[in-house]
Amino acid sequence: MFATPLYDADFEKLYEPSEDTYVVLDTLEEIRQDLVNWYFPVNTRSTTHSPNKVPICVEIGTGTGIITTFIQKNILGPDRAIYLTTDVNDYACATSIKTNGLNKKKPTDFGMLDTIKCDLVGPLARKCVDLLVFNPPYVPSEEVPDIVKLTQDKKDDDDKINDLLVDLALCGGADGMETTWRLLDNLDSILSDTGMALILFCARNKPEQVVEQFKQKMRLKGVEWKVERVFIRKAGWEELTVWKFVKDW
Amino acid sequence: MKFLTTNFVRCPISKCDNSLKAFPLQYKNCELIQEELEFNPEFLANILDRLNWEAIIAVAGDLGNDSLPPTKPENVDPKDPENEQLLKDLHTLLIETQITEGEMHCGECGHIYYIKSSIPNFLLPPHLV
């Protein structure tokens, strides 16, 4: 079993790694060999797909950044992929870089990791993401906090902004799906043709229905998808699952 | 923000989606630092494939570096000593150069994004979302 990466952050300012985070880490560990085979096929002639030599791995809403550091260290390797983290929270962006440093043997150890403050994948060029990992705000809530408004409203004090940023990591609006749907609706233009997305759901998101709806919507755009559940864990009254999305050629 | 990352980001405003002027962004008033990292020639040779070389040249020019080869080096063997200087130069530029403060201008809509404490900020104001 791979160790959880070290981290050090102020959890009044960002989402602390929790059961859902560990579900993502355990998923990555469990499907590690599939991921390695997908991105670095040994014999490219015998496979039907030829992935980019150096995949771009993007984690949306990185928080502490332990998921990306885990992938870099234990799954794809520091010198075989480009790693980008995104978050709407400056402090999370900075923490994801710091976490990466905490888990290096020496500060100069090779690694290409960078961070971008943005919504979802923000400014990333179309179809450039080869591995997308998203542990979304999945908890059903009355509304999703308005990130744009809250970071621009100077009337609010820092404590209130921090509370809202932590809420934003959790609150997913109707069915807990509002943020995830904004991503899914554009997934075809985010992922490269050999790209893969790993997305976490809870039972209240009704993932089976979401997947069917997603496939139908994409079919209208002329894109077929292969979607499968790759991990399930019951945690108390909650059931968390991770689903793998790839384009079906 | 590492120099390499400039090759993957464009103006996220939807009306700039199809504009050739929204990529690469124009980098102005930038402060740079070098962060020392181990040299990895294989990684550099492998990423050449996916780089938009014209964009690399344009951003390097914005930052005052006009010494890059005008066309993208092809089929670079990382084990060939003749390529060592080229790959070392690319390492210094793409991997070790960080933009700590600065502005990114969209050539299409003119919107300015800021880099602060090495973090590029692409959150959009409400009227542009």
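Which side-chain oxygen reaches to within 3.2 Å of the backbone nitrogen of E54(B) at the start of α2(B)? In this predicted model, local features need pLDDT of at least 70 and side-chain atom pairs pLDDT 80 or more, while totals for chains, interfaces and linings use all residues. Residues are numbered from 1 along each chain as its sequence is written, chains are lettered from A in the order in which they are written, and side-chain values use heavy atoms, without hydrogens and water.

The oxygen belongs to N52(B). Helix α2 of chain B spans residues 53-62, helices being DSSP runs of H or I of at least four residues and strands runs of E of at least two, numbered from the N terminus. Its buried residues (under 20% relative accessible area, 1.4 Å probe, protein chains only) are W53(B), A55(B), I56(B), V59(B) and A60(B). These lie on the same side of α2(B), because they cover an arc of only 155 degrees around the axis, taken from the directions from the helix axis to the C-beta atoms. They pack against β1 (26-34), α1 and α3 of chain B. Just after the helix, G64(B) adopts a positive phi of about 90 degrees.

Between the chains, 28 residues of chain B are in contact (heavy atoms within 4.5 Å) with 39 residues of chain A. Three salt bridges are counted between chain B and chain A, each a side-chain nitrogen of Lys or Arg within 4 Å of a carboxyl oxygen of Asp or Glu. One of them joins D49(B) to K53(A), whose closest N and O atoms are 3.8 Å apart.

Notes. Buried < 20%, exposed > 50% of the residue type's maximum accessible area, 1.4 Å probe, protein only. Polar contact = N/O pair within 3.5 Å; in protein donor to acceptor, adjacent residues only side chain to side chain.
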